[in-house]
Amino acid sequence: MSELRFDNQVVVVTGAGGGLGKAYAHFFASRGASVVVNDLGGSHKGEGQSSKAADVVVDEIRAAGGKAVANYDSVENGEGIIETAIKNFGRIDVLLNNAGILRDISFKNMKDEDWDLINRVHTYGAYKCARAAWPHFRKQKYGRVINTASAAGLFGSFGQANYSAAKLGQVGFTETLAKEGAKYNIIANVIAPIAASRMTATVMPPDVLENLKPDWVVPLVAALVHSSNTTESGGIYEVGGGHVAKLRWERAKGALLKTDDSLTPGTIARKWNEVNDFSQPEYPTGPADFMAYLEDGLKMPSAPK
Ligand code: NAD
């Protein structure tokens, strides 16, 4: 059986010194890609820095006969990371925005510093890397992006208000990149992974972590960023431990109310069952769906008072 190959392609993996990023870097190098192994080398809380994390992975890839180069910038310096790809390999085809840290603390005790650092690394970092790659992608009419969300962003998570906000931000960011990139064969998708790493080591028992190898997240990412994927863009995927599923928005039946004085809190309360009625769901994909819904509604005969 033939395998998905990435020969002559350049893959940038941020936060590739450990966890998921390391697994991506090894995989893509083993499938023929030249890999930029970016890692700031700090703690999982974003303290300190070191070149060691990236260097170890680069050495391992080279020892296995692969092509890789290290970059030690913070993702906040996206230009420097993409420049490493261009200088060393002449191009960039795939960007995996993966670097991340945690600053878990109850909302009551959260400080601006906790909020800002998380948003700098996850939101600003992903933006800076994608922004620096974008002109190359557009020019060559080819680019593949994976951004990394989290179940914490999709559903909320106690003690992670900062991280949740940043992670759901990756979803909207990806949806927009997918739309703006479509014309240039730039495909962008977002994953909410679950995997054993130093991030999850403190919150999950060892026997559970045993079945959550980062390697089980890699194949989905590889399939999405391969050149054979020309249509799946703007998708949200839950992935880990062998489970892979796409997520999407669901809209309840809803209530269409007359926009006059009759639209009061009491009217809403009386229609609450319809507002929450998911028995015949719709799956909206954009604001146009909502407008069409309103227009349809406006054509309807007005409801009795
Ligand atoms: P990890 O801590 O093992 O790896 C993250 C890597 O990013 C580390 O090597 C770290 O040094 C690097 N990094 C941190 N800040 C950086 C910066 N500013 N610039 C460059 N590198 C930086 O964690 P992981 O579990 O492999 O997480 C990878 C991504 O997946 C993160 O975005 C994380 O939020 C996300 N995620 C992971 C899980 C999970 O179950 N492991 C769940 C949801 C989301």
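**Figure 1. Helices α1 and α4 at the ligand shell.** In this predicted model, helices α1 and α4 (112-140) each contribute at least two residues to the shell around the ligand. Helix α1 gives the most, with 3 residues. The shell holds 32 residues, and G15, G19, G100, S150 and S197 come nearest to the ligand. By class, the shell residues split into 19 polar, 11 nonpolar and 2 charged.

**Figure 2. Close-up of helix α1.** Helix α1 runs over residues 19-30 and has 12 residues. From its first C-alpha to its last it reaches 17 Å. That is close to the 16 Å expected at 1.5 Å a residue. Of its 12 residues, 11 are buried, so α1 is largely enclosed by the rest of the structure. The buried positions in α1 are G19, L20, G21, K22, A23, Y24, A25, H26, F27, F28 and A29. G19 is also one of the residues that come nearest to the ligand. After α1 comes G32, with a positive phi near 100°.

**Figure 3. A54 in helix α2.** A54 sits in helix α2, which spans residues 52-63. A54 counts as buried because 29 C-beta neighbours lie inside 10 Å, against a threshold of 20 or more. Neighbours within four places in sequence aside, A54 is in contact with A16, G17, V37, N38, D39, G41, A70, N71 and Y72. G254 lies 200 residues from A54 along the chain. The C-alpha atoms of these two residues, A54 and G254, are separated by 51 Å.

**Figure 4. N8, ahead of strand β1.** N8 is found in the segment before β1 (10-13). Its phi is positive, about 65°, although N8 is not a glycine. N8 is exposed, with 11 other C-beta atoms within 10 Å. The cut-off for an exposed residue is 12 or fewer.

**Figure 5. K141, between α4 and β5.** K141 has its place in the loop between α4 and β5 (143-148). K141 is not a glycine, yet its phi is positive at about 50°. With 10 C-beta neighbours inside 10 Å, K141 counts as exposed. Helix α4, on one side of this loop, supplies at least two residues of the ligand shell.

**Figure 6. The annotated segment, residues 9-197.** An unreviewed UniProt entry carries the annotation "domain: Ketoreductase" over residues 9-197. Over this range the chain is 48% helix and 17% strand. The end C-alpha atoms of the range are 27 Å apart.

**Figure 7. The protein chain as context for the close-ups.** The protein chain has 11 helices and 8 strands. Its C-alpha trace spans about 75 × 45 × 35 Å along the principal axes. Of its 305 residues, 39% are buried. Among contacts between residues at least 6 apart in sequence, 67% join residues at least 24 apart.

**Figure 8. Confidence, and the stretch 300-305.** The protein chain averages a pLDDT of 95, and 96% of the residues score at least 70. Over residues 300-305, however, the pLDDT is below 50. Beyond near neighbours in sequence, that stretch has 4 contacts in the model. The model scores are ipTM 0.99 and pTM 0.95.

Definitions and conventions. Residues numbered from 1 in each chain as written. Predicted model: local features only at pLDDT ≥ 70, side-chain atom pairs only at ≥ 80, totals over all residues. pLDDT = per-residue confidence, 0-100. Contact = placed C-beta atoms within 7 Å. Helix = DSSP H or I, 4+ residues; strand = E, 2+ residues; numbered from the N terminus. Expected span 1.5 Å × (residues − 1). Near = placed C-beta within 6 Å. Nonpolar A, V, L, I, M, F, W, Y, C, P; charged D, E, K, R; others polar. UniProt positions renumbered as here; feature names shortened; annotations may be inferred.
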